[in-house]
Amino acid sequence: MPTADAGNTVVPDGDVCTASMLECAPGNGAYPVSFNLGWHGGAHLRAPTEGGDALPVRAIADGRIVYVRKTDTTHKPTLQYRNVRTDDGCVVIRHDTEIGEGESAKITYYSVYLHLQQVMPTLAAGNRIYRKDVVGTPGQIFGQYPQIHFEIICSEANLKKMIGRAPAPLGNTPARRDAVYGDMWFFVPRGAKLFASEPHPFRDDDSAPPVATLQPQSPLVAAGTSCDLVIRMHYEKDCTLTTYRQNADLSWSVYGAMPAERDAEYSLYKRATALNGRYTDSSLASLAAGMPVPSPSAIFEMIRFGRCINDQLPAGARFNHWRKVKTPDGDGWINLSKAGVRAYSDADFPEWAGWSFINDDPTPDSLCDSPTVKRWLDVNHAGHVSHADAVTALGTDAIRQRMARAICKFPSEWSRDGLEARYNWLKSPHEALTNPLADEAFTKLIDHARDLAFWEDVSDPDFPHANEVWHFPPTAFVRHF
């Protein structure tokens with residue numbers, strides 16, 4: 001395939017996007033790098049069709065339009081790069097939303113819709129727009145129709161508010177409390193005790209001496225679990241508990257999942273009431289006088305969110321969140337509220353959910369010099385990444401999954417400032433570049449890129465500088481929120 005250097009994509013020999021609104025394949029406009037190791041800040045998406053016509057492009061969320069560029073209709077030569085048409089219609093939307101409580105949970109991000117064949121004539125900068133409103137129709141990217149380039153970006157200040165910390169792995173960072181949503185995640189250090197039978201919620205360790213009529217049971221493994229684990233608690237009518245463990249390359253993968261608890265989400269309060277009742281039945285009768293008992297609503301929050309959010313446990317009350325989980329040391333009941341266990345939610349963007357933050361490319365050009373990304377792509381452990389290595393690596397599921405949740409900081413390709421310097425590396429031999437450009441071809445590329453650029457035309461105080469942009473994997477971002 002010939003190299004289509006504008007946008008760091010490859011002009012496909014045929015139509016590679018055959019499914020509705022799926023990201024194009026690696027090397028054909030996928031996020032975040034090309035086979036030539038060029039950064040690509042968004043994804044090329046193919047529109048679904050209905051009755052032979054491409055469906056329109058719609059806004060992903062409520063917002064305010066901050067930039068509109070109508071599609072050129074003069075057939076200017078610079079948009080016919082390598083003798084195939086690329087449409088230049090563009091819309092940028094600012095989205096302001098709240099993901100929790102307080103100022104730190106108020107976030108701003110931007111969605112970019114580029115290569116539109118037609119922009120809705122009523123759109124103008126400053127106008128409000130709402131989720132699913134039509135912004136235009138999909139156009140051509142290097143002659144491929146119907147497609148758009150779609151990306152989601154924000155500043156570092158907003159990224160920090162979005163993830164609740166500086167962009168880095170969670171490590172021992174406490175879970176955020178201003179925003180809690182989605183799946184719950186429990187980091188369980190090695191040595192956790194597993195039990196064959198469900199312990200009483202009063203008990204934090206069921207191998208401890210007896211209390212009232214509660215008798216101890218031996219743990220399934222005397223030394224406890226043999227490695228750190230993460231338990232994902234997913235509610236969607238049912239409740240599914242999935243166990244993750246860390247790989248040698250520090251990524252996390254699924255070890256296994258317990259059978260789903262049917263209708264568990266609908267039965268949460270019933271379950272909380274039943275657990276509350278265990279404090280007043282005969283098992284703790286000898287302790288009943290004056291013993292603080294957790295309320296059903298506090299228990300509800302513990303078993304739904306892994307912690308109390310609004311209704312706190314009374315002083316001195318004991319509630320232990322026991323769940324049966326799958327581990328490499330056997331299936332058993334584990335205390336997800338034991339000291340040392342850390343509870344998070346999707347709002348924390350945890351690394352075991354696949355999220356990573358790439359901010360280690362010190363160069364101002366569009367060549368990916370991130371040691372992290374290069375390490376992922378170095379399939380042969382040779383210390384460098386060739387074009388063939390990139391093609392192989394980006395075609396593997398494990399690498400594609402990592403790329404699909406990588407939040408990356410690198411310069412925007414849509415800025416006119418410094419355009420030649422950003423792409424100058426394409427003129428020199430590079431181990432991951434198949435065909436360096438001659439001067440004439442480079443000039444044509446720059447003319448083409450200049451006509452697609454728009455960054456300096458966006459007038460908005462929170463729009464990030466072109467060299468300070470955080471790019472989100474578009475599909476994962478939309479699914480996450």
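This is a short walk through one protein model, from the whole chain down to a few single residues.

Okay, hi everyone. Before we look at anything, a word on what this is: it's a predicted model, where local features need pLDDT of at least 70, side-chain atom pairs count only at pLDDT 80 or more, and totals for chains, interfaces and linings use all residues. Residues are numbered from 1 along each chain as its sequence is written, and side-chain values use heavy atoms, with hydrogens and water left out.

So, the big picture. The protein has nine helices and 22 strands. When I say helix or strand, I mean DSSP runs, numbered from the N terminus: H or I with at least four residues for helices, E with at least two for strands. The C-alpha trace spans about 90 × 55 × 40 Å along its principal axes. There are 481 residues, and 51% of them count as buried. Buried here is under 20% relative accessible area, exposed is over 50%, and partly exposed is in between, with a 1.4 Å probe and protein chains only. Take the contacts between residues at least 6 apart in sequence: 69% of those join residues at least 24 apart. A contact, by the way, is heavy atoms within 4.5 Å.

Let's go to a sheet. In general, strands of a sheet pair through backbone hydrogen bonds, either parallel or antiparallel. In our model, five strands make an open sheet, in the order E16-E15-E14-E13-E19, with antiparallel pairing. Two strands count as paired if DSSP finds at least two bridges between them. At the edges sit E16, residues 252-257, and E19, residues 342-345, and each of these pairs on one side only. On average, neighbouring strands in this sheet are turned by 30° against each other, ignoring direction. For angles like that, axes are lines fitted to C-alpha atoms, for helices over the stretch in contact, and the angles run from 0 to 180 degrees between N-to-C directions.

E13, residues 184-188, is joined to E19 by four bridges, and the two run antiparallel.

Now, which helix lies across E13 and E14? That's H3, residues 296-305, and it runs at about 115° to E14, which covers residues 229-236.

H3 also has a helix packed against it. Two packed helices are described by the angle between their axes and the distance between the axes. H2, residues 268-277, packs with H3 at about 120°, and the axes are 8 Å apart. That makes H2 oblique to H3; the convention is that under 35 degrees is roughly parallel, over 145 roughly antiparallel, 65 to 115 roughly perpendicular, and the rest oblique. The residues that meet include Leu268, Tyr269 and Leu275 in H2, and Ile299, Phe300 and Ile303 in H3.

Start with the cis peptide bonds. One goes from tyrosine 31 to proline 32, with omega near 0°, and proline 32 is in the loop between E2, residues 9-10, and E3, residues 43-46. Another cis bond goes from tyrosine 145 to proline 146, also with omega near 0°, and proline 146 lies in strand E12, residues 144-154.

Next, positive phi. Leucine 37 has phi near 60°, a positive value in a residue other than glycine. Leucine 37 is in the loop between E2 and E3, and counts as buried because its relative accessibility is 1%. Histidine 75 has phi near 60° too, in the loop between E7 and E8. Is histidine 75 buried or exposed? Exposed, because its relative accessible area is 60%.

And finally, serine 370, in the loop between E20, residues 356-358, and helix H4, residues 371-377. With a relative accessible area of 0%, serine 370 is buried. Leaving aside neighbours within four places in sequence, serine 370 touches Trp39, Ile358, Asp360 and Asp361. That's my tour, thanks!
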